[in-house]
Amino acid sequence: MENLELLNTKIAYSVKKLIAINSISYCYTELPIDRHCALFGRNNLGKTSLLNALKLHLFPEISFNECKAKFAFKSSKGELYSTEDSYSYYFPADSSFLILEAENIHGSFCLILFKSNSSFGYQRLALPCAYDDIRAQFWDIHNTEVNNGLGSPVPDLGIPKIHALYQRYKAAGAVFLTTRKDIKEKLFSHNPMQPAKGRYCLVPLKEGGIERELSAFRQLMNFTFEIAKTDTKGLTETFATIIESGKINTQDKLHQDLQVILDEYNELRRSQDKLKAIANYRDDFKQLNETSQSLKDHQLRFAGTFKAYKNCLDKMVADLQQQTAKLEPKIKKLLNEQNKLKETENVQRERFGELTGRLKTLNQDIKQFNQKIERFQKIKNEYPNAAIADIRTSLSAHREELEEDIIHFNDRQSAIDKLSDSLRLQKSKIADRDKKKLAIEQQGKLLINHINGHSATVLSNLNAQFSAIMVEPDAGQTKVIEQFGQLFSIAESRIVFLGETFSAGPLKSPQQFREELQRTLDDLNTEIHRLDVEIQNLNKKAKATGEFQRAQLQEVEKKLNVVKSDLIIINAIEDTQLQWQAKTSEIEEAENARRQLEKQREETQDLQGQNRNDYSAAKEHMDSLSKQEQQAISLSQHLQNLKPDDLKTTDEVRQVHGVSISGLTELEGDRAKLHNLKQSLDEKINEFVQCGHFSVPVDIACSSYSNEQQSAILDALNNTFAALHDQQETLQSRIIEHNKMTGAKIGELTGNRSHIRTFINKVNKQFELYSISNLKEIRVEIELDHRFDELVNELERTNLNTTDIHDDGLYQRLNQFCEDFFIGGRGNRILEMSKIITNVKYSYKKEHQDKREQKDQSNGTNALINCTLLTILLSDLLAQDSELTLPVIFDEFSNLDEYNQRTAIQAATKHGFALFCASPTQTAEVVAVVDHYITLDDFHANTIYDGSGERDVVFHHFSERFYDVTEPQAL
C-alpha cells in the first residue's frame, strides 16, 4: 500500500525565487514566488513587471524581437510594450540580471538571464545550485552600514562574473542555453529518473515542449496575469489557443486545409477542359507532320549541295593562303632590307650634310684667323724691330691716351683741369730739368766733389740727392761729413753700418750717378716736350665746341676701337696661330671624310635600286594571290549568307571542282523555297503553341524555330496525342477520387463543431468535481460564429456521392469560408480557432435555484473559477505524474472585500498557486489575509548600480502577519 501511495504521489516542480539586479525599477530585489504575497507600492514602480519577468524564464526565447507576440507585456491601460521599450526596461546595462531559482526532483537550480551581443538578445546560464550559494556574487546583504541596512552592491558586477560562475560550476553540470532548441530540451523535458536530462526542467510538458504545447502554455501563462478579470477576451483567446495547439494530436483534424480541395477542384476543371481542347486538334497535328517531313527532305538536299560548295571553296582558300604564307617571308625580308638601306642612306645623307656644314664653319673660322694674322703683320710693320711686349705697351699707353681724350671731349672742365695739372707738371719738370742741367754744368760745385771718395760714395748711395747738392762746406763741415762717412764701411759692394748691412742693392760710383743724372735730364726733356704737345692738345679740347668737338670725338673713338682691336689681336696672336693650324688640319680631315662618304652613298643607292626591283616583282605576285583569295572568300561569304540557321547534317557529300556565281544563284533559289516551306511549318507550330492547350518546350510563340526546337515540339505534341486516351481515363479516376476526398474533408469540417463541443464537455466534466462559493454546476459556454454553423448545416444537407465534378456553387461557398476563417498563404492555409470561437463565458446555478445564469460574479469568485479552470487546463499539458507550482497575479487586490480576498487566497492554495496581490497602498485587510507582504516605497537605496538613480528599490525579505486567519469555508 505504501508503494501504491508512492506511485500516486506526483513529482513537484516549483519556481521559488525571482531576483532582479539593476533591472526594472529595482537596484536589487529577491522575491520568493512560492508563497502568497502582497506587493504594495505606487503605480509604475514595477510590481507587475517583476512577475512578468517570469515569462522571460519560462518561454523558450533568446531575444525581445517581436516582443508583443512573444511576451505580451502590457501597461496598466492594456497597451502592449514595444521591443525597444521592453528590452531597455529589463536589460538597461551589462550589469542587469534576472535570476530564477527553481526546484524539481533533482534539486534546486538557478537560471541567470543577461544581455547578449545580438540585437535585443539575452542569454541563459543554468547553474545546479540554490540562489543562496551565489547571492554574494550579486549583492552584499551583510553590509548593513549602507542603504538602511539592506546591503550594498558588489564591485565589478558584469557579464565576466557570469562566465566565472560557469567555470566554477562547469564540472557540476552548468550549461549555457544559447538556442531555442537547447531551452526546449532542458526546461520542458520531464525526466525524473535521468538527472543529466531532467536537471533543469521547469515545466514538465507531456511531449517535451513541442510547438503546440508551448503555444498553449504561453497562453496559460498570459492568463495567470488576468486571473481576477471578468473580461472574457483573454479567456476566449486562451481556449482558442489550447484547442488550436491540440488539433494535431486529435483525430478530429481541426487543421482542415480546404484550400487544397479548392485548388484540386480548379486543377481538375482545367484538366478536363484542356483534354477536350487537345482532342479537337488531331487533324491539324496530322497535317503538321506531313509538312515537317517535306521540310526535312528539302533540308537534306540543300545541305548536301551547300557542303560540297563549302568544301571546294575552303580548299581553294587554304591553297592560296598556303602560297601566300610562303611568299610573305620573302616580301617581308625585302621590305626589311629596303628599310635598312633607306635608313643607311638617311644616315649617310645626314652625315654628308654634317661634314659640309662643318667645312663651311671651318673655312669661315680660317678666314677670320687669316684676317687677324694679316692685321698682326701690319701692326708689326708699324713698330719695326720692336718686341711684341713693347708693341703691347705702346698700344696700351695709346689706348689710355685716347680714352682720356674721350673724357676730355665729353667733359670740358675735365680738360681744363687736366690742362692745369699738365702746366703745373710741366713747370715742375722744367724746374727739375734746369736744376739737373745746372748740376751737370757746374760739376765742381757738387758736394761730393769736396769730400773724399769714400764719403762721397756712402752719401750718394744713402740718398741720390747727395750727388746733386751744390754746396761748398768749410773745413769743419767737411771733417764732420767725412767722420760721418767713416761710420759706414763698404764690403762686397754693400754699405755696412756698424757691422749690419745697410743698403740692399749694389753700390753706384759717383760717375754712375753723373751718367744717371744725364739720363734723367734727357728723360725730363722728353717729358717736357710730351707735356708741351699735351698742353697744346688740351688747350684745343678745352676750347673745342659744337661740330668740331663732335667730329674730334668720333675720330678719337674710331682710333680707340682700332687700338682695342689691335690689342686683342696682339694679346691672342699666339693662340690664333695655333688655332689656325688646328683648323687647317680639321678641314683636310673633313674633306677626306666627305669624299669617302660620297662613294659609300653611291654604293647604297645602287643596292636600293636592286632591292626595289626585287620587291616590286614579289609584291606583284603577292597581289595576284591575294586577289584570287579575295574572290574565293567572296564566294565563300556569299555561300555562308545562304546557310540557314538550322542546316541539316549529312554524311553523303559530293565533290565539285569549282564554284561559280551562277551555281550560288541557283542555290539561293533553293534557299528561298526552303525558307517558305519552313515558314509554313513555323506558322502551323505557332497555332499549337498559341492555343495554350499543349505543353511544348517553348514559353512563347516565335517567328522561327530551329530544327532542334521543331523536333522537340513535334515530339512533345506526338507524346501528347499518344497519351490523350490514358489521360482522359486517369482524369475520370481522379474526379471520382476527388469527390471522395471532398466528401471526407467536408465531413471532417462538419465534425469540427462536434470536436469543440467534446472538448468543452471534457472541461465541464472536470468542473463537476469542484464547488465554488455558492455556485454549483459551473460550466464553460462557447459561442461559435453563426457563419460557421450555417455552412456546417448546409454541407450536411449536400449530396456528395457523384462521379462528375461537383457544382461550382459548392466550391464558391467553401472558398468564401476559407477567406473568412482560414489564415496563412495559399497552399498552407489552416482553420483558425479564434475565428470560429467568438466568446467564452461561465454559466452556473446558485444554491437552491434551478435556473442557469451567466451573470458576472465578483472578482474574488471569478478568480476562484479561473484558478480552477487554470488547474484543469494546465494539468492537461503536464506530464501525468507531475505537478507545477506557479504564481498568479491579482492586480488591485485591495478593491475586494475581505470575504472575496479570503476566497481568492483559498482558491489559489487549493490549486497549488502562489497568489500575488498588487496594490498602490498598504491596507490592514490585505495584510490580515495574505501571509507575506512588502511596501516597496519603504525600501530605497542610496548606494546603487545605476548612476541615474532610476533603479533604487532594494528588498530581500518580507514582513509576515503574526496570527492565523480562520478560513470561512472549505472548497
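**Notes on side-chain contacts and backbone in this model**

Asn22 is buried, with a relative accessible area of 2%. I start there because a residue under 20% relative accessible area counts as buried, and Asn22 has a further feature, taken up in point 1. Please keep in mind throughout that this is a predicted model.

1. Asn22 belongs to strand β1. Its phi is positive, at about 55°, even though Asn22 is not a glycine. As background, most residues other than glycine have a negative phi. I would be glad if you looked at this residue in the viewer.

2. Asn148 sits in the loop between β7 and β8 (152-153).

3. Lys17 and Asp132 meet in a salt bridge, with 3.4 Å from N to O. The pair ties together distant parts of the chain: Lys17 is in strand β1 (residues 11-23), Asp132 is in the loop between β6 (122-127) and β7 (139-140), and 115 residues separate them.

4. How many salt bridges does a search of the whole structure find? The count is 25. One of them joins Arg35 to Asp34, with the closest N and O atoms 3.4 Å apart. Arg35 is partly exposed, with a relative accessible area of 31%, and Asp34 counts as partly exposed at 31% relative accessibility.

5. Another salt bridge links Asp421 and Arg424, and here the closest N and O atoms are 2.1 Å apart. Asp421 is partly exposed, with a relative accessible area of 38%, and Arg424 counts as exposed at 52% relative accessibility. Elsewhere, salt bridges with shared partners join Glu61, Lys70, Arg180, Lys184, Glu211 and Arg218 into one network.

6. Phe59 in turn belongs to a cluster linked by ring pairs, together with Phe64, Phe71, Phe73, Tyr87, Tyr89, Tyr90, Phe91, Phe120 and Tyr122.

7. The structure holds 28 aromatic pairs. Among them, Phe109 and Tyr200 are edge-to-face, 5.6 Å centre to centre and with 80° between the planes. This pair links distant parts of the chain: Phe109 is in strand β5 (residues 107-115), Tyr200 is in the loop between α7 (195-198) and α8 (211-224), and they are 91 residues apart. Phe109 is buried, with a relative accessible area of 0%, and Tyr200 counts as buried at 3% relative accessibility.

8. Strand β5 supplies another ring. Phe114 and Phe176 form an edge-to-face pair, 6.3 Å centre to centre with 75° between the planes. Phe114 is in strand β5 and Phe176 in strand β9 (residues 175-177), 62 residues apart, so this pair too links distant parts of the chain. Both Phe114 and Phe176 are buried.

9. On helix packing, helix α14 (residues 453-462) and helix α15 (residues 475-486) pack at an angle of about 75°, with their axes 9 Å apart. That angle makes α14 roughly perpendicular to α15. On the α14 side, His454, Ser455, Val458, Leu459 and Leu462 take part, and they meet Ile481, Glu482, Phe484, Gly485 and Gln486 in α15.

10. Finally, Gln272 lies in helix α10 (residues 258-279) and counts as buried at 15% relative accessibility. Leaving out residues up to four places away in sequence, Gln272 touches Leu731, Ile735, Asp804 and Ile805.

Definitions and conventions:
Residues numbered from 1 in each chain as written. Predicted model: local features only at pLDDT ≥ 70, side-chain atom pairs only at ≥ 80, totals over all residues. Heavy atoms only, no water. Phe/Tyr/Trp six-rings, centres within 6.5 Å; stacked < 30°, edge-to-face > 60°. Helix = DSSP H or I, 4+ residues; strand = E, 2+ residues; numbered from the N terminus. Buried < 20%, exposed > 50% of the residue type's maximum accessible area, 1.4 Å probe, protein only. Salt bridge = Lys/Arg side-chain N within 4 Å of Asp/Glu carboxyl O. Contact = heavy atoms within 4.5 Å. Axes fitted to C-alpha atoms, helices over the stretch in contact; angles between N-to-C directions. Parallel < 35°, antiparallel > 145°, perpendicular 65-115°, else oblique.
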